[in-house]
Amino acid sequence: MANEDAQETRNFCELVERLRIATDISQRVFAAMCGVSRIAYIKWITGERTPRPRNLEQLRRVTTAVNRARKAGELPLRNGAGSYATRAREIIAIVNNYKS
């Protein structure tokens, strides 16, 4: 049972990474929205570590919010205009609106 849970979590983390790439959100920004470091996020998606239950729940909330914002066409595209920091703030604000 524990092995099945671990495999399910790994599969979920792989899907999260695909969504992150598809929405062109950096690992640093995605990790920040989840309340963890970029290193912790990388360890999750590579299967080196498994998120703790509270982190897994936050990851699910952020992923759901990002997906909703993507479907609504609200995520800013990277088009060379504006700074990385500005785009990161915009993404975080939009996703936070969808988390509530």
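Start the tour by selecting R20, which is buried, with a relative accessible area of 11% (buried means under 20% relative accessible area, exposed over 50%, and partly exposed in between, using a 1.4 Å probe and protein chains only). The model on screen is a predicted one, in which local features need pLDDT of at least 70 and side-chain atom pairs count only at pLDDT 80 or more, while totals for chains, interfaces and linings use all residues. Residues are numbered from 1 along each chain as its sequence is written, and side-chain values use heavy atoms, with hydrogens and water left out.

Side chains of opposite charge can pair when their charged atoms come close. E17 also counts as buried, at 13% relative accessibility. Both residues belong to helix α1 (residues 2-22), where they lie 3 residues apart, about one turn of the helix; helices here are DSSP runs of H or I with at least four residues, numbered from the N terminus.

By this rule the count comes to 2 salt bridges, and for the other pair, select E57 and R61, whose side chains meet at 3.7 Å, N to O. These residues are 4 residues apart in helix α4, and are therefore separated by about one helical turn. E57 is partly exposed, with a relative accessible area of 36%, and R61 counts as partly exposed at 37%.

Now stay in helix α4 and select N55, which counts as buried at 13% relative accessibility. Leaving aside residues up to four places away in sequence, N55 touches V36 and W44, where contact means heavy atoms within 4.5 Å.

Finally, show helix α4 (residues 53-71) together with helix α5 (residues 84-99), whose axes come within 8 Å and cross at roughly 105°. The axes are lines fitted to C-alpha atoms, for helices over the stretch in contact, and the angles run from 0 to 180 degrees between N-to-C directions. The two helices are therefore roughly perpendicular to each other, a label given to angles of 65 to 115 degrees. To see the contact, select Q58, R61, V62, A65, V66, R68 and A69 of α4 with I94, V95, Y98 and K99 of α5. The residues of this contact divide into 7 nonpolar, 1 polar and 3 charged, with Ala, Val, Leu, Ile, Met, Phe, Trp, Tyr, Cys and Pro counted as nonpolar, Asp, Glu, Lys and Arg as charged, and the others, Gly among them, as polar.

How values were computed
Parallel < 35°, antiparallel > 145°, perpendicular 65-115°, else oblique. Salt bridge = Lys/Arg side-chain N within 4 Å of Asp/Glu carboxyl O.
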